[in-house]
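Let's take a walk through this protein together, one stretch at a time. Have the sequence and the 3D view ready.

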Amino acid sequence: MQERLEKLHAYMESRKLDALIITHPKNVYYFTGFLSEPHERFMGLVLVRGQSPFLFVPLLDGEKARVACPGIPIYTYNDSQDALTVLQQLLPTPLSHLGVEKNHLTAKTYEALISMVHATEAVDVGELLCSIRVAKDETEIATIKRAIWVMEESLRRTLPLISVGMTELDVVAELEYQMKKLKAQGPSFSTIVLVGERAALPHGDPGDRVIQAGEVLLIDAGVYVDGYVSDLTRTFVVGQLGAELLDMYDMVLQANLAGIQAVRPGTPIADVDLAARAVIADRGYGEFFINRVGHGIGLELHEAPYVHSQAAGELIPGMVFTIEPGIYNTKIGGIRIEDNVLVTKDGVEVLTSFPKELQIIG
């Protein structure tokens, strides 16, 4: 944590910032070890130039913050107080040059902060925080691997329970039960289970659709473990599939493998998407591949790098992201195969290990 905070102090010096206020809960956790979702309440890590950083949190979270961050001063406010009025008393003014997360603050809070400290310049530090977080360290990678194991084991335990006649929501319930049994903090997003033609909805909502023989069953799910996420998609078959769906499955699998093969440090990020996309386009299904091929994972389900055909920048060691090509034909169904990969010093490590060969269930 100290090394991470030192990067913030160095940035403040280089930009001559008087103060820096980090408000996104995931970024607060990254730099302090305190994980909390304050909902509508204000929370922030505050760094004032030349002073020790402190955490400003709702009184409800005060004790939790003290336990998580024994080396950081904690200041609180209660629900009858105006948070920014209390914070103002803890800050020297004026703070002419202020760093904030513009993407996270509401317009109302942003304007109030600027006015409160009499800032003449507000610097958006979003790109800085993204650049610091994008390469995962060994501890983060180990935690992500645990989250992947929990997700994969949850799926292994659920598959034998799936049968014709169950609904999509029945499968969701079984899968999320296994997640909790394996000590996940919870799903990292709303679990997706879609059957048949509904599997062509990339972000479809599970419902009462009944599983029938001769259909695909798409499961896209992940978990939180110690604040970090996993994100896995596998597409299964219930009974026997027709020739077109089998061909679609092979295309997506080959695209997935081509995307993985393209991952090397120094490679343009866009090339990973293009490598996977070319496989599907060359076989005549390019119009049905409507999603980017991947996105970073870590403290958030979707974070840098965003892996699409127009992405800027190059892959660097420590990046962790998904490779998830898909074909979505609303007339017959959809196929997606998603892995989580790590850019290493000399190549790629596929962190997910759940089999990708087409499996028959039910």
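Before we start, a word on naming: helices here are DSSP runs of H or I with at least four residues, numbered from the N terminus. Keep in mind, too, that this is a predicted model.

Begin with the part that has a label in the records. The unreviewed UniProt entry annotates residues 4-134 as "domain: Creatinase N-terminal". Over that stretch the chain is 40% helix and 20% strand, and its end C-alpha atoms sit 13 Å apart.

Now find helix 2, residues 25-32. This one is mostly covered, with eight of its eight residues buried. Buried here means under 20% relative accessible area. So who's in there? The buried residues run from Pro-25, Lys-26, Asn-27 and Val-28 to Tyr-29, Tyr-30, Phe-31 and Thr-32.

Next, jump along to helix 8, residues 168-181. Its 14 residues reach 20 Å from first C-alpha to last, close to the 20 Å expected at 1.5 Å a residue. Its buried residues are Glu-168, Val-171, Val-172, Leu-175, Gln-178 and Met-179. Look down the axis of helix 8 and these fall within an arc of 130°, so they line one face of the helix. The general idea is simple: an α-helix has 3.6 residues a turn, so residues three or four places apart point the same way.

What covers that buried set in helix 8? The cover includes helix 7 (138-158), along with strand 7 (186-187), strand 8 (192-195), strand 9 (215-221) and strand 10 (223-225). Just past helix 8, Lys-183 takes a positive phi of about 75°.

Technical notes. Residues numbered from 1 in each chain as written. Predicted model: local features only at pLDDT ≥ 70, side-chain atom pairs only at ≥ 80, totals over all residues. Heavy atoms only, no water. Helix = DSSP H or I, 4+ residues; strand = E, 2+ residues; numbered from the N terminus. Expected span 1.5 Å × (residues − 1). Buried < 20%, exposed > 50% of the residue type's maximum accessible area, 1.4 Å probe, protein only. Arc of directions from axis to C-beta. Contact = heavy atoms within 4.5 Å. UniProt positions renumbered as here; feature names shortened; annotations may be inferred.
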